[in-house]
Amino acid sequence: MHNLETERIIGTGLMGTVRLAKMKDKNLYAALKGIRKDYIVKHKDNRHIENERRLMLQLKNPFCIKLFGTFQEGPYMYCLMKLAAGGELFRRLSKKDHFSAETTKFYAHEIFSALDHVQSLGWVYRDLKPENVMLDEDGHCKLVDFGFSTEPDENGIVRTFCGTPAYLSPEQLNGKFTNGYSKIVDWWSLGILIYELMTGMTPFCNSNSETAYEIYLRILKNNMK
């Protein structure tokens, strides 16, 4: 931490906060994500944190966020990442309500490239949504938050359940009957995201007050709005 000068909070979450930090030796601003160790232990998130670190150190795609390194100090574990000064894609969408086909295509191409890179490294991303796409100062996408990413087994199958309800595929929801799912779930969630960028709402949601169970039923019955 002696080479870092921390400033204001630019993001908050269940596990900790993200602060603006200046790398004094490089005169460069970065994002410093602090994760509480007691939260990791309480929720048994060690595997997710380690997966995220391992994957991010492999990433070499212009549309994935760059990890400079990780370290520990006091009650926190820290990840130092490149700053995405443009904020979340979700916030830009909420201000616009929806995007044009051309704008949507621009974002979709970059997100596709990021997902394809993650999968080329042998991982499944599993948590695509507008909140997990940041924008840099030029408006280009940066995929972030790789905590749910995982490596499939030798047959390319994943059996654990995670993700955000509106973006889950039928295979994920029917995992007990389908005996797992493959990396194709990332492309399902990309389709959901493209729909959302063009309309302002995901296809299987009628309102923001619905329960996850109501959304699950529509996905399984293919009851699209």
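Visitor: How much space lies in the largest pocket?
Guide: This is a predicted model, where local features need pLDDT of at least 70, side-chain atom pairs count only at pLDDT 80 or more, and totals for chains, interfaces and linings use all residues. Residues are numbered from 1 along each chain as its sequence is written, and side-chain values use heavy atoms, without hydrogens or water. A pocket is an open set of points on a 1 Å grid over the protein atoms alone, where a 1.4 Å probe fits, with protein on both sides within 12 Å along at least five of seven lines. Volume is the space filled by probe spheres set on the points, joined across faces, edges and corners, and for the largest pocket this is about 1500 Å³.

Visitor: Which element gives the most to the lining of the largest pocket?
Guide: Lining residues have an atom within 4 Å of a point. The largest pocket has 45 of them, and Thr 12 and Glu 88 are among those nearest its centre. Elements are DSSP runs numbered from the N terminus: helices (H or I, at least four residues) and strands (E, at least two). With five residues, the top giver is E1.

Visitor: How many residues line the second largest pocket?
Guide: About 410 Å³ of space lies in this pocket. Phe 90 and Tyr 167 are among the residues nearest its centre, and the lining residues number 20.

Visitor: Which element gives the most to the lining of the second largest pocket?
Guide: H3 and helix H8 (212-221) each supply at least two residues. The most, three residues, come from H3.
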